[in-house]
Protein chains: 2
Amino acid sequence: MEHLNKLPFTAVEICGGFWANRQKINRETTIWAVKDRFEDTGRFAALDFKPVPGLHFFWDSDLAKWLESAADIIAKGPDEALQAEIDDMVDKIEAHQDANGYYNIFHTVIEPDNRFNNRDHHELYCLGHLIEAAVSIFQATGSDRLIRILDRYIDYVIERFCEKADTGFKTPGHEEIELALYKLYAVKPEEKYRRLAKFFLDHRHEDSVPADFWCGDTYFQSHQPVREQRIAVGHSVRANYLYSGMADEARVENDEEMLAACRALFDDMYYKKMYVTGGIGSSHIGEAFTVPYDLPNDTAYAETCASIAFAMFANRMKDLELHSKYADLVETEMYNGVLSGVSLNGKSFFYENPLEINLEDRTRHGDTKNSERLPITERLEVFGCSCCPPNLTRFIASIGEYMYSYDENRIVLHQYIDSEAVVDGALITLETAYPANGTVHLNVAGGKGKTLLLRIPGWCEHFTLNVPYVMQNGYAAVELKEEVTELTLELEMKVRFLAARREVRHDAGRVAVAWGPLVYCAEKKDNDELLWDLSLDTHSEPVVVYSDYFGAPEISLKAKVRESFDLKALYLPLRDVKYTTVPVRLIPYYAFANRGSSDMRVWFRYI
Amino acid sequence: MEHLNKLPFTAVEICGGFWANRQKINRETTIWAVKDRFEDTGRFAALDFKPVPGLHFFWDSDLAKWLESAADIIAKGPDEALQAEIDDMVDKIEAHQDANGYYNIFHTVIEPDNRFNNRDHHELYCLGHLIEAAVSIFQATGSDRLIRILDRYIDYVIERFCEKADTGFKTPGHEEIELALYKLYAVKPEEKYRRLAKFFLDHRHEDSVPADFWCGDTYFQSHQPVREQRIAVGHSVRANYLYSGMADEARVENDEEMLAACRALFDDMYYKKMYVTGGIGSSHIGEAFTVPYDLPNDTAYAETCASIAFAMFANRMKDLELHSKYADLVETEMYNGVLSGVSLNGKSFFYENPLEINLEDRTRHGDTKNSERLPITERLEVFGCSCCPPNLTRFIASIGEYMYSYDENRIVLHQYIDSEAVVDGALITLETAYPANGTVHLNVAGGKGKTLLLRIPGWCEHFTLNVPYVMQNGYAAVELKEEVTELTLELEMKVRFLAARREVRHDAGRVAVAWGPLVYCAEKKDNDELLWDLSLDTHSEPVVVYSDYFGAPEISLKAKVRESFDLKALYLPLRDVKYTTVPVRLIPYYAFANRGSSDMRVWFRYI
């Protein structure tokens, strides 16, 4: 097993281009938009331990992710207003912590007698998110106040779960605390943290399903010991938070058995259960994985949080096993499945990320309360279960986290983001307009004698590099022989047509269009045709034009479409079908539904 | 408006071929299989007015349709056992009729205080089916005993609904009594029957929706006066029973306004809301129509009863307006949407008739109680709502009803069934193997001076006729100049490929295969390929071989299918997709799922 070190995002300065723009929107707009919505819905008021209407047992986690996001933002530049919010929140958490260390708004205000009794009540999940926030605050400001507060809570959890074992369940219904404890252990290496995380992983399968729970134990990934799991099942966010914790355990404990499980679980998702956008969890029922290759486009669940969680898992795996598929997955999520979750202006969100919208389906059944379950088509400013917005803010604020790994001999560059970073003593300046084009300039000052590994993305069929290299598991390995090395990597970008393997029923006979890591879609808004009737002409010359509005290129193609006719006939002889050629405008998938609801499609028939 | 007379099936002798075989199975097997299941479920025991478990307010209608079927069967050949059952049932109905004429098992045994109070409780619907049974018994045996019993009930209905107007609703929640009253009026022309039918039609829109009902008033077709309706809405069986009654009213009252509504409603279904199999009511939600061209194949509801009801409506329309589309629709239903409802051995049934089955979809969500709503894939011997089986038995027993119309100048032949019939004094002998092939021999003895109109099916692109003719609205009109005329009609049958118009999203880029009136499907059982991956080669030479098992030809074609490959990749460059050619075996749609559940598909991609 590899033990590469992940470079923290605090060591990376995003300078310009695609992600600097996204971070600016995140810092200036999104973090406050989420805060406003959390105030509107009473989440911030609940911090005063008032019985706010709608107070839910997962509100602590929403607040914690917001807190983590705020800390991640100030880590890259001071912001007095955010700092004040952070201080205020930590004050309130401290003020309302029980004498025994316990802290949970819902289970103090609403159900104080039901603590640690219902496995699906997210108390440990909320603690996990608070721990992640505490680590972010510590990294951003050096203050370990929240860590110390939570340390008392962790002691109480150890007492109740490990020592007295008098709780209503053994392990969390929603995983998260495991990865959080390992994250805490990385900055405060107390043995009790890793022991508790391992305890939850080791005993996970011993819990029975809550009697009143409608799903089976696969929903919770409790159906078998985690080290024996090979198939991704159940709630896809839960699953990937668990797998992230498992990968952490594999690394910390040097647990090859756990790594083998992680490897298989990653492959099961990556090769059998992932939309071309990176979306996972294809069914809204249980927000869950189903069977291999079951990837319906119009009913796709593909929760934003699931894409984030899959990226988190992959980001751990990339440091345990040098293989470019892990960073490929991260890239797919960054530019598609995650990013589609937030609007271009940073103010509204998608929880679900379908790959096809047919608005008329929504009018089929006059009475919507009886309509079949279809994803929402309009970006919303807030939703009841609001896990995704603050997950997006922390993901974007910490995007630098996905760029570099290193050990004593190697520096590994996974993602091409315009930036400066200090990696194990070497100053690396990266200039690029990626993903608008594939030209990457690198200036590496320092690191002489080490090997620099540059990921060649899976989507890239041809590339050039101005220095000698050898390929290693999808990375171009360059020996750094000088004090300063100038590199130019040209990743050839062109419009690509992708097919799904034949087992994917819903994409049979169809293509998706891609440009670099970006998957494209067509919206009815731009195309005055029945989208389902378009057959893309894969032999026509695409026109690719950069769009400021979308922050990436648009693509124009030709398509064959049936002529409409005056006959009433519903069915007609095939030979009477006549075609005409029309232009089709494609935009990045992540930008769909930014100009209102519209029919939308990723997979097209083709000629 | 035309006023053609429909020849009753009692005047038609089905002699051989496709339908003689089906009638034999119906008489020997199906009628008794349905009786056995109705006994198992307590329906027959309920005739003794016992509080049988599960006793439902629609059971009278199930029993009535069985009674009607039994009468229709004995009309074409004596059967002592069936006659005894009929007598016994009529005895019981008479014995349990209230002094005031009322008769309903559920509302006597279970809810006697709730009579005529809940519009959705099917009392008038049940009466309608009893009236249809009474007419069938009268036609089969000459006995009007059940008519006399029901005449007292009808008087009571008139008293309560029309005179006192003291009932909880004005018009039936489930239409049926209207067409039944017109059917009764045709054999017993009492003015009160037609007045009551017209009353229910005229006042239909005045009822408000039951307060506790989850659907809107479109579900009941009560949203506007029937003469103003132009769009088929709501529950598709209810709708077509209503439209049948409306067509009867148009004829009896010479009501052009009503005919205009019927014409528009027919066209709305026929040109916008009908599967290629004739199935209507595409959504299981409300078993209802949705928006135009919304015809999903895998979730198709397309209830067997809805196809029967549409055929009943069309069979009325064909006599009000000479246009072959009406009999074309009847034919489509006869050979596809209706017939798929019963197994080849006559023992098991489909309520829903999907056009695509992907069995794996059923395993997607481990816990079936939470699975998305998909049609059942296995033919069942009985279901809770068992309207379809006895609807099929009466449809098949009375299939001759759809063959001929006539008036003083014309004899119109709509359906090509091997038979002898006396039509207004002319003896017509029809010999054919239709739909195995398109050769029809006719010997017409009598009818000299009249015009014989032979329907040229809409599916038929070329035909020959051995006598002079002129075309009239889809019919070849032949002057009968001799005492005996011998005609040979050759309807060219060949494998046809059909496309749906471009507005039908779910069929975009696909073809259906047809042979004469038969629509075909492929079952996984016969094709060792992923059905969704087949692209039919529409230029390959089809092989058509008659199958005794299916009672119709099988079709073999070539198809392009992707090669499978060893790579793990879920998505791959389009240019790496390789194809191979495989044979595809297609069977008549009506015969699907006769050899167990299997993946099945009607619409294919094609080259």
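Helix axes are taken here as lines fitted to C-alpha atoms, for helices over the stretch in contact, with angles running from 0 to 180 degrees between N-to-C directions. On that basis, H11(B) and helix H13 (residues 324–337) of chain B pack at an angle of about 50°, with their axes 12 Å apart. This is a predicted model, in which local features need pLDDT of at least 70 and side-chain atom pairs count only at pLDDT 80 or more, while totals for chains, interfaces and linings use all residues. Residues are numbered from 1 along each chain as its sequence is written, chains are lettered from A and ligands numbered from 1 in the order in which they are written, and side-chain values use heavy atoms, with hydrogens and water left out.

**Helix packing in chain B**

- The angle makes H11(B) oblique to H13(B), where angles under 35 degrees count as roughly parallel, over 145 as roughly antiparallel, 65 to 115 as roughly perpendicular and the rest as oblique.
- The crossing of H11(B) and H13(B) is left-handed, a term used if the near helix is turned anticlockwise from the far one by less than a right angle, the clockwise case being right-handed.
- In contact, meaning heavy atoms within 4.5 Å, are B:Arg263, B:Phe266, B:Asp267, B:Tyr270 and B:Tyr271 of H11(B) with B:Lys325, B:Tyr326, B:Asp328 and B:Leu329 of H13(B).
- These contact residues of H11(B) and H13(B) comprise five nonpolar, no polar and four charged, with Ala, Val, Leu, Ile, Met, Phe, Trp, Tyr, Cys and Pro counted as nonpolar, Asp, Glu, Lys and Arg as charged, and the others, Gly among them, as polar.

**Helix packing in chain A**

- Helices, which are DSSP runs (H or I, at least four residues) numbered from the N terminus, include H3 (residues 59–75) and H6 (residues 123–141) of chain A, whose axes come within 8 Å and cross at roughly 15°.
- That angle makes H3(A) roughly parallel to H6(A), and their crossing is left-handed.
- Among the residues making this contact are A:Ala64, A:Leu67 and A:Ala71 of H3(A), together with A:His129, A:Ala133 and A:Ile137 of H6(A).
- The residues of the contact of H3(A) with H6(A) divide into 11 nonpolar, four polar and five charged.

**Aromatic pairs**

- Rings of Phe, Tyr and Trp (its six-membered ring) pair if their centres lie within 6.5 Å, with planes under 30 degrees apart counted as stacked, over 60 as edge-to-face and the rest as tilted; the count comes to 68 aromatic pairs over all chains.
- A:Trp32 and A:Trp66 form an edge-to-face pair, because their ring centres are 6.3 Å apart and their planes stand at 65°.
- This pair links distant parts of the chain, with A:Trp32 in helix H1 (residues 17–40) of chain A and A:Trp66 in helix H3 of chain A, 34 residues apart.
- A:Trp66 is buried at a relative accessible area of 0%, whereas A:Trp32, at 24%, is partly exposed; buried means under 20% relative accessible area, exposed over 50%, and partly exposed in between (1.4 Å probe, protein chains only).
- B:Phe266 and B:Tyr270 are stacked, at 5.2 Å centre to centre and 25° between the planes, and both are buried.

- B:Asn391, in helix H14 (residues 388–397) of chain B, is buried at 0% relative accessibility and touches B:Lys65, B:Tyr241, B:Cys305 and B:Ile308, not counting residues up to four places away in sequence.
- A:Ser282, in the loop between helix H11 (256–272) and helix H12 (304–317) of chain A, is buried at 6% relative accessibility.

Methods:
Helices (H or I, at least four residues) and strands (E, at least two) are DSSP runs, numbered from the N terminus.
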